[in-house]
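The following paragraphs lead the reader through one protein chain. Please consult the sequence and the structure while reading.

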Amino acid sequence: MKCIITTEGFGDMVFELYPGLAPVTVKNFVDTVNSGFYNGLAWCRIVKDYVIQAGSPDNDIMTDSEWHIKGEFAENGVPNPIPHKRGALSMARDDAYDTAGTQFFVVHKDAHKLDGRYAAFGQLVSGFEVLDRIADLPTHGPESWNKPLEMPVMTNIRIETEE
């Protein structure tokens, strides 16, 4: 199963999704993608050499989603071997383990400190140059959650299944 994220002016990032390793997370993400929820939202947090984050209903990472799912990661009692290496697709959450909903992030540079603590569910297979270009954008800095000065808009996210 693949996920293609198209960002206006940047191009496509293509991810392999792993429903066998993170079934709850993948189902939640696929259902949210298929609802059209993400289309028109922006990458609202950019931390170069760490992550780019999206999926907030109002492009503010402090806004919670209307639902939450079980966190599929080791600290929460769920084995998940997917590493947070460059290009990993993972769910953002609050401090509590079962608070992921719609926000997700892509790891820009290896961030293994997140392994076992966040629910990775996919891996970038093409479009690394798009990830790098987005990660290079100027931001307001840590005091405002690294909000980009001009937010790159995800015009479309789609799921492709192998027939």
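Residues 24 or more positions apart make up 71% of the contacts in the chain with a separation of 6 or more, where a contact means heavy atoms within 4.5 Å. The model is predicted: local features need pLDDT of at least 70 and side-chain atom pairs count only at pLDDT 80 or more, whereas totals for chains, interfaces and linings use all residues. Residues are numbered from 1 along each chain as its sequence is written, and side-chain values use heavy atoms, with hydrogens and water left out.

The chain contains 2 helices and 8 strands; these are DSSP runs, numbered from the N terminus, with helices being H or I of at least four residues and strands E of at least two. Along the sequence, their order is β-β-α-β-β-β-β-β-α-β. An unreviewed UniProt entry carries the annotation "domain: PPIase cyclophilin-type" for residues 1-159; such annotations may be inferred rather than shown by experiment, and positions follow the numbering used here, with feature names shortened. Over residues 1-159, the chain is 13% helix and 27% strand, and the end C-alpha atoms lie 7 Å apart.

As for overall dimensions, the C-alpha atoms fill a box of roughly 40 × 40 × 30 Å along the principal axes.

Of the 163 residues, 52% count as buried, that is, under 20% relative accessible area (1.4 Å probe, protein chains only).

Terms used. Buried < 20%, exposed > 50% of the residue type's maximum accessible area, 1.4 Å probe, protein only.
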